[in-house]
Each structure stands twice: as C-alpha cells, then as structure tokens.
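Q: Could you walk me through a protein structure, going one spot at a time? I'd like to ask questions as we go.

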Amino acid sequence: MAESLNRILYVDDEPDIRAIVELSLRHVGGFDVQMAESGARALEILDGWAPQLILLDAMMPGMDGPTTLAAIRQRPALAGVPIAFMTAKVQPSEVQRFKEIGAVGVIAKPFDPMSLPNTVRELWGGAGPT
C-alpha cells in the first residue's frame, strides 16, 4: 500500500502567501507543514526534518527556487523527495524548464486555498512516493 502524504515543506519569501498556504495545507488539508522563508532556511529545516514533498516558490531573493532545488538534490537522503514549484511563472516554456531541472510539477499562483490540498495530493500521487 502506498504511503499517504503527511509531511510537507513550503518555501516562499512572501509572508502573506506562507500564511495562506499554511492555513490551507494544515487546517483544510490536515498536513504536517513546515514553513521556510528562504532557500537557506529550508536547508536548515531539512537538517532535522524529512518532508515527503517540498513545494518551492520559484522567485525568491538570494537562493531562488531552482537554486534551492539543486542544493536539496546535493543531499543523498533527500534525492528521492518530490519537489514542485508554486509560482506565477506558468508559461509552457517555464513549466518545461522546471520539469527539466527535476520538478514533478508546477502549481500556479494565485491558487485556490480550498482546493490546494487536493492539488497537492494529485501531484503527490503522480510523483510516485518513495
């Protein structure tokens, strides 16, 4: 039987977006969610906590989403964790580039907080949990 999704790390530099995502995933979706305001903070959290799915904002100061994805992939213990982007950059060429660098999918911003948990579960189902 496939493992069910519970632990999610969400990385976004915008406090308002983090708050909406946390409410959506924790209170609507029932997930155990950790929030990070930067790629560097995400890496600190990952030192002591293993999510089953990582959601990254693409555009952040300092370490952007693609740079953060590359840094996470440098860690053997996290190599199999599915990573998706949550971004307004959803042109087909941009989505293709995100997938080429290893993302399992892209969730468009703005998103519907009430349907985000189901969107995340669908992504997880298609990612083939490890």
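Predicted model: local features only at pLDDT ≥ 70, side-chain atom pairs only at ≥ 80, totals over all residues.

Q: What does the side chain of Ser-24 reach?
A: The Ser-24 side chain reaches the backbone oxygen of Pro-113, at 2.5 Å.

Q: OK, changing topic: what order do the strands of the open sheet have?
A: The order is 2-1-3-4-5, in an open sheet of 5 strands with parallel pairing. Strand 2 (32-36) and strand 5 stand at the edges with a single partner strand each, so one side of each has no neighbour in the sheet. Direction ignored, neighbouring strands of this sheet are turned by 20 degrees against each other on average.

Q: How many bridges pair strand 1 and strand 2?
A: Those two strands pair in the parallel sense over 5 bridges, and as an example, Ile-8 has Val-33 in strand 2 as its bridge partner.

Q: Which strands does helix 1 touch?
A: Helix 1 packs on the sheet, where it touches strand 1, strand 2, strand 3 and strand 4 (83-87), and its direction makes about 170 degrees with that of strand 2. Helix 3 (residues 65-73) also packs on the sheet, touching strand 3 and strand 4, with its direction at about 165 degrees to that of strand 4.

Q: New topic: how many salt bridges does the structure hold?
A: The structure holds 6 salt bridges. As background, side chains of opposite charge can pair when their charged atoms come close.

Q: Which residue forms a salt bridge with Asp-12?
A: Asp-12 forms one with Lys-109, and their closest N and O atoms are 2.6 Å apart. The pair links distant parts of the chain, because Asp-12 sits in the loop between strand 1 (7-11) and helix 1 (15-28), while Lys-109 sits in the loop between strand 5 (105-108) and helix 5 (116-127), 97 residues apart.

Q: Is Asp-12 buried or exposed?
A: Asp-12 is buried, with a relative accessible area of 0%, and Lys-109 counts as buried too, at 16% relative accessibility.

Q: Which other salt bridge brings in Lys-109?
A: The side chains of Asp-57 and Lys-109 also meet in a salt bridge, at 3.2 Å from N to O. Asp-57 is in strand 3 (residues 53-57), 52 residues apart from Lys-109, and this pair again links distant parts of the chain. Asp-57 has 5% relative accessibility, so Asp-57 counts as buried. Through shared partners, salt bridges join Asp-12, Asp-57 and Lys-109 into one network.

Q: What about Glu-44, which residue does it form a salt bridge with?
A: Glu-44 forms a salt bridge with Arg-41, their closest N and O atoms being 3.0 Å apart. Both are in helix 2 (residues 39-46) and 3 residues apart, so about one helical turn separates them. Glu-44 is partly exposed, at a relative accessible area of 47%, and Arg-41 is partly exposed as well, at 32%.

Q: Last one: what is the peptide bond from Lys-109 to Pro-110 like, cis or trans?
A: That peptide bond is cis, with omega near -5 degrees. Pro-110 lies in the loop between strand 5 and helix 5, and with 79% relative accessibility Pro-110 counts as exposed. Pro-110 and Met-86 are 24 residues apart in sequence, and their C-alpha atoms are 8.9 Å apart in space.

Notes:
Residues numbered from 1 in each chain as written. Heavy atoms only, no water. Salt bridge = Lys/Arg side-chain N within 4 Å of Asp/Glu carboxyl O. Helix = DSSP H or I, 4+ residues; strand = E, 2+ residues; numbered from the N terminus. Buried < 20%, exposed > 50% of the residue type's maximum accessible area, 1.4 Å probe, protein only. Pairing = 2+ DSSP bridges. Axes fitted to C-alpha atoms, helices over the stretch in contact; angles between N-to-C directions. Contact = heavy atoms within 4.5 Å. Polar contact = N/O pair within 3.5 Å; in protein donor to acceptor, adjacent residues only side chain to side chain.
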